[in-house]
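Here are my notes on the model, in numbered points. Please read them with the structure open.

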Amino acid sequence: MKQILFVCLGNICRSPSAEAVFNALIEKNGLDNEISCDSAGTAAYHAGEPADYRMRQFAKKRGYHLTSISRPVNPETDFDRFDYIVGMDTQNVRDLQRMARNENDRKKIYLMTDFASGLRYDSVPDPYYGGDAGFELVLDILEDTCAGLIRKLQS
Ligand code: 4NP
């Protein structure tokens, strides 16, 4: 079983969406027994909260249900449990590198856009303080990069 952890800052917009988009692909491809995922935040400000209402609405329009509850990354358990730990932007990746306990942990850290298949973006931009277009862009990039990650895991 390959385990993936998606990570953003608050774990209420981008990484819960990555989890939902990725889970939809796992189901569509019949990979439930081979791949699973979770999400977490580098900050704990929103711990215990459901995903942001705006993010949930935009995701729902595309058929994704965001059900996760925000939690912070726990370096003591997450680096052992997960095979890929995937940050949404370069700050998330830097924060994860700082949390890593050793070189083996550091080797598990990736940037979501490393798995791009069609779109050319160098991060999944934080939509929190912006308008509607930012939420749509998050979903566009995640649909592209989650498909790329699934292909990488199957190859
Ligand atoms: P996320 O978005 O990292 O994609 O969950 C954000 C959520 C909350 C905040 C920033 C970004 N915040 O500053 O509270």
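1. A residue counts as near a molecule if one of its heavy atoms lies within 4 Å of it. By that rule, the residues around the ligand are C8, L9, G10, N11, I12, C13, R14, Y45, H46, D126, Y128 and Y129. Keep in mind that this is a predicted model.

2. On the make-up of the shell: seven of its residues are nonpolar, three are polar and two are charged. Cys and Tyr count as nonpolar here, and Gly counts as polar.

3. Which backbone atoms lie 3.3 Å and 3.0 Å from ligand oxygen? A polar backbone atom of N11 is 3.3 Å from an oxygen atom of the ligand. For I12, a polar backbone atom is 3.0 Å from a ligand oxygen atom. Both N11 and I12 belong to the shell listed above.

4. A side chain takes part as well. An N or O atom in the side chain of Y129 is 3.2 Å from an oxygen atom of the ligand. As for cover, the ligand exposes 360 Å² when taken alone, and the protein buries 93% of that.

5. A separate point concerns S36, in strand β2, which spans residues 35-41. Is S36 buried or exposed? Its relative accessible area is 18%; the cut-off for buried is under 20%, so S36 is buried.

6. S36 also has a side-chain partner. The side chains of S36 and Q3 are joined by a polar contact of 2.7 Å. Please look at this pair together with the burial of S36.

Conventions
Residues numbered from 1 in each chain as written. Predicted model: local features only at pLDDT ≥ 70, side-chain atom pairs only at ≥ 80, totals over all residues. Heavy atoms only, no water. Polar contact = N/O pair within 3.5 Å; in protein donor to acceptor, adjacent residues only side chain to side chain. Areas by Shrake-Rupley, 256 points an atom, 1.4 Å probe, with all protein chains shown as cover. Helix = DSSP H or I, 4+ residues; strand = E, 2+ residues; numbered from the N terminus. Buried < 20%, exposed > 50% of the residue type's maximum accessible area, 1.4 Å probe, protein only.
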